[in-house]
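Please look over the model shown here.

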Amino acid sequence: MHLASGVDPQLADLSNKLIYSAMVVYTIAMFAHMIEWTFGSKGAVAVRSQQQSGSLAETVAAVEAKAAKKVTVTVAGAGGSTTTLTRTAVAGEGATVVTSGRGAEEEDGPGAAGTSERADLAGRIAVSLTVLGALLHAGGIVTRGLSVSRWPWGNMYEFSCAFAFAMTAAYLGLLAARKNVRWLGLPVVLAGLLTLGIATTVLYTDSDQLVPALHSPWLAIHVSTAIFCGGAFYAAFIATLLYLGKDAFDKRIAAGLTTGPLGTSASIWRRLPAASTFDKLSYRINALVFPLWTFTIIAGAVWAEAAWGKYWEWDPKETWSFITWVAYACYLHARATAGWKGRKAAYLALAAFACWLFNYYGVNIFVTGKHSYAGI
Amino acid sequence: MSNTTTETELPPAPGDADAAAERLSTAPVESEGPVGIGTFGWARWMWRQLTSMRVALILLFLLSLAAIPGSLIPQYQNGQGQLKVEAWKAQHATVAPVYEKLQLFDVYSSVWFSAIYILLFVSLAGCIVPRTWQFVGVLRAQPPAAPRNLTRMPVYAAWRTEADAETVNAAAHRLLRRRRFRAHLSGGAVAAEKGYLREVGNLLFHLSLFALLGGFAWASLASGSAGKLMVEGEGFSNTITQLDDFNGTRFYGSENLDPFYLKLTNFTAKFQASGSQIGAARQFTANVEYSSGSDTSQLKKGTIEVNHPLEIGDSKVFLIGHGFAPLITVRNAKGEVVYKGATPFLPQDGNQTSTGVVKVSDYGDKDGQKTQLGFSGFFLPTAPVSFEGTGPISLFPDDAAPALVLNAYAGDLGTDSGLPQNIYQLNMRKMTQLVQDGQPAKARLAPGQTWELPDGYGTLTFDGYKRWASFDVSHRPGNEIALTGAVLAILGLIGSLFVQRRRIWVRAVALPGGGTQVELAGLARSESAKIAEELAELAVDLQDDAPAADDEEPAGDGPAEGPAEPAEPAEPEDSEVPADPTVPADQNAKE
C-alpha cells in the first residue's frame, strides 16, 4: 500500500495566515483610497496639471536659452483637435528634453487626490499599504508552494490567489515605473479583495499534493501565463469600464448636465484621466496580452496532447478559452476597422472579458470537464 | 479584408458600381445592387460580401456563439461521450430527439458549425490572398511619393534654414536610411516607410491559421485510437483481434495499425492518505515492456504515466485507467479446477469500489447435466468492517483491507450461443441464484479464503489480486503541422500587434526670398502615438545639417498652413495619402 503525503502543515497554516493578513491590509488600503477620493473632491480640480505644465515650460525655457536645436511637431488628434510636441537638443551635450502639451479636450485629470494635500497623503498611505499587502500576499503564495514543494497554482483557490497577486503586482509595477496610474489603486484593491474573498470562502482547498494529471512542467508554463493574462484582462476591463464612464460623463457635460452617469459626482470623473487615455490603455493591454493568451491556449493544447492523447477535444475549458480568444480577436479586428472604435469596441471588450470570467468561474463550478481537479 | 466600405467615413471608390450596395447592408438596398446583373453579378456581389470585414467579423462572432452549446451539452466526441450523451438523453426524453436532429450532441462536426468555419476560412482566403499579392507589389515598389500638401498629415513639423535644399534632402535621405527606413529620394522630396514586419506578421498569422486547420483536418481523416485493458503480467500485439476496441478513420483502418507488442509488468498507484482530499490520486505508474515491429524476442523496458505516454513507432500509448483484478480459482464438485485467473473488476467510484463477474463456462456436469456457474459482486480494496447501512463500498482507493463480495448463480450463461457478450455482465436469462439456508448465497472473502458453495457445487477460492491498467493507443498524424501553424501564428501576432508601420516624408524647397523651407510629415498606420516623437527626433537630428534660421517662427504654426481642417477626419488609420496608388485605403483593415 502506497500513501503519498508530503505536506508541511505549519507552512500551509502560515500561508493561510499570510493571505488573511494581506486581505486585512488591502482592506485598510481600500479605506485609505476612499479617504483620498473623498478629500480630493474638495480641492480645486485641474490646477495641478497646469502647475505641472507651467514648471515644464520653465524647464524648457531654461534649456532653450542654450538650445541649438528645437522642433515643434503638430499632431492632429481625434475630432480635428491638435496638440503639439516640442523637442529640444542642448548644444554640445547631446541631451534632449522632450515636452508635450495636449489640447484642452484630452486633458487628463489630476488624479484621485485632486489638489488636496491631505488626500495626497491618504493616497500615499494607501499605496504603501498596498505594497505591504502585496508582500504578505506574495509570502502567502510562496509558503503555500513550499508547503507542498510544487508550483502554487494547482487548484482554483491557489489560482485565484496568484491571479489577484498578478493584478496587484502589475499595478505596483506601473507605479514603480513612474506611470501616472494611482487612480487605478481603488479599483485594483477592490478587485483583488473580491477575488481573494471568493477564493478564501467559496474555493478554499487545503494545501495538498496534486492529482497525477497535474504532474507536468506545463503546470508552471500554461497556468502561470493564464494567471498573468487573467490579471491583465482584468486591468483592461477596469480601464474599459472607466472609459465608458468618462465618455458618458463628457457627453453629459457637453449636454449641459452637471453630474456623471448613474448619479455619480462630477468631481470624481474630473479627477480621472481623459476618456481617450482609458481607451488607449485598455486597447494596449488587450493587444499586449492577446498573443500571450494565444500562447496559453497552445501550451494547454500541447499539454493536453501529452496528458489526454488529443491536443484539442472541445473540453468545456478548451471551448471557452477558444470563445474568449475569438471574442478578443473580434475586439482587435473591430478596433482596426473604421467605425468600430470607441463605445462599440468597448462593449466588445466587455463581452470578451465576460467570456474570460465565465471560463474561469462558470466552467470550473457549473460544467464538468477535464479541467476539474482537487475538489474544484 | 477587401474593400470595407461599410462605413460612411470611407468614401466609395469612384466608378465602383457596387460600392453603394456594399455601404449599406439593409435588405432593400441589397436587392438593389445585383438586380439585373445576372448570375455573375450575384456571384460577384456575394463574394464581395463574404470577403468584407463586416461579414468576417459577424462570422467570427457566430463561431464563438456556435461553440457555446457544445460546452453545455454532452458531446459524443468527448471522453466517455457516448455514455454521457445516453444518460443525458434518458433524462431529457422530450427534447432529446430535437437536439439530435440539430446535431447538438455533435456540435463541432455539425453541419452548421462546419458551415460557419468554412465560410470564415473562405472569407479569410478571399482577403489574404489578394493582400499578399498587394503586399508583394508594395515591397517591389518604392515608398509612395510625398503628398503635395504635407500639412494635412497627422504629424507635421517645419522650419526655415539657410542650408541648400538639395543638401537637406540628401541629409534626410541618409538619416532615414540610417534609421533603417526604406527611403527614396526623388522630385525634391524624400519618401520613407518602415515597419513592413507588421504586414508580414499579419499575413503570416492569417496564413498559419490555414496550417492549423490543415493539421486539424488531417488528424480527423487519418487518426485512430484503440483501447486495451491489461492485468499485470499480460501483454498484447497491436492487432484488431487483440484490442478491446478500435476507432479508425478514412486513412487509418484496422489494417493500418502500427505493429508493436506491449506488456504490462506491474502497476503502482499512490493516494492521499489524510486531510480533506483523502483518497485523491497522487501518482500512477505503469511499468511496461515493449517492442516495435512484430519481433517480440527483444523487449525494451519503459514506463507510462499520466502526462507521459509511451511512443512506439507512430503510436502513442496513454495510461487512462486502472483497477483491481481478483485472482479466483473455482473447483467443481470433484475438486477439478474449472476456472483460474485474474478477472478485472471495473471501478465505480473514486474509492475503487469495483464490480465484476466471473463466468465459469467449463464447469462440466452437475448431477448428469451440463451446468455453468456465474458469480457477480464487488471487489473492495479497503472494505469496512460491516456493510450495514452502507452496502458493499470501499473506503479508500488503495488496498488497505481488500475483500471480495460475491453472489453465485448456476444455469446456462449463454456463452455457447455464439453471440458476443459483455464480459463485465452476466446474462441472467437462464441463470438461477444459489440459495443457502433459505437466503441467496453470498460470501465475503479475504485473500486466501475459500467459499464452500451450497448444494455441493464445489468451492471458490479468493487467491489474491493483481492490478490492471487500461491504455489508449492513439495514432494521430498532423500534430506537427498544427503545432508549426500555432507557433507561426503567435510570431505573426507579435509582429502584427507590436510593430508599427509608418511613413515619413521630408521635403526641402528653396524659398523665393532665399533660404530653404524644410517640411517633415508622418503617417502611422496603426494606433500609436509614437510617430510624433519619432518625427521630432528625426527633425532634431536633421537640424545638424539644416540648422533653423533664428529669425523666424517655425513655418508650421502659420495660420495659412495650419493643421488638418476639422472637416477632414485626421485619424491616421482612416485618412489616406492622395498620391498613393499602390495601397488602397483599407490596407490595414484586418490588422
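## Model and chain A

This is a predicted model. Chain A holds 10 helices and four strands. Read from the N terminus, its elements follow the order β-α-α-β-β-β-α-α-α-α-α-α-α-α.

Chain A has 376 residues, and 58% of them are buried.

## The interface of chains A and B

The contact draws on 73 residues of chain A and 83 residues of chain B. Together the two chains bury about 6900 Å². Carbon and sulfur atoms account for 63% of that area.

Which residues form the salt bridge across the interface? They are K316(B) and E305(A), with their closest N and O atoms 2.8 Å apart. The rule finds one salt bridge between chain A and chain B. Polar contacts between the two chains come to five residue pairs, both residues being at pLDDT 80 or more.

Several elements build the side of chain A that touches chain B. Those that each supply at least two residues are β1 (3-4), β2 (67-76), β3 (82-90), α8 (275-308) and α9 (316-336) of chain A. The top contributor is α8(A), with 15 residues. By class, this side of chain A has 45 nonpolar, 16 polar and 12 charged residues.

## Cysteines

How many disulfides does the rule count over all chains? The count is zero. Take C330(A) as one case. Its closest cysteine sulfur is in C355(A), 9.6 Å away, so the pair is too far apart for a bond. C330(A) is buried, with a relative accessible area of 4%.

C127(B) is also in no disulfide. The cysteine sulfur nearest to C127(B) belongs to C330(A) and is 15 Å away. The relative accessible area of C127(B) is 2%, so this residue counts as buried.

## S315(B)

S315(B) lies in strand β11 of chain B, which spans residues 315-331. Is S315(B) buried or exposed? Its relative accessibility is 1%, and under 20% counts as buried, so S315(B) is buried.

The side chain of S315(B) has a polar partner. This is the side chain of D258(B), at 2.5 Å. D258(B) is also among the residues that S315(B) touches, leaving aside those up to four places away in sequence.

## F471(B)

F471(B) sits in strand β22 of chain B, residues 458-475. F471(B) is buried because its relative accessibility is 1%.

Which residue lies 152 residues from F471(B) along the chain, with 4.7 Å between the C-alpha atoms? That residue is L319(B). F471(B) also touches L319(B), along with V317(B), F318(B) and I320(B). Further contacts of F471(B) are A226(B), G227(B), K228(B), M230(B), L264(B), A286(B) and I304(B). Residues up to four places away in sequence are not counted here.

Notes
Residues are numbered from 1 along each chain as its sequence is written. Chains are lettered from A and ligands numbered from 1 in the order in which they are written. This is a predicted model: local features need pLDDT of at least 70, side-chain atom pairs count only at pLDDT 80 or more; totals for chains, interfaces and linings use all residues. Side-chain values use heavy atoms; hydrogens and water are left out. Contact means heavy atoms within 4.5 Å. Buried area is the accessible area (1.4 Å probe) that two parts lose on being put together, summed over both. A salt bridge is a side-chain nitrogen of Lys or Arg within 4 Å of a carboxyl oxygen of Asp or Glu. A polar contact is a pair of N or O atoms within 3.5 Å; within protein, one must be able to donate a hydrogen and the other to accept it, and residues adjacent in sequence count only if both atoms are side-chain atoms. Ala, Val, Leu, Ile, Met, Phe, Trp, Tyr, Cys and Pro count as nonpolar, Asp, Glu, Lys and Arg as charged, and the others, Gly among them, as polar. A disulfide is a pair of cysteine sulfur atoms within 2.5 Å. Buried means under 20% relative accessible area, exposed over 50%, partly exposed in between (1.4 Å probe, protein chains only).
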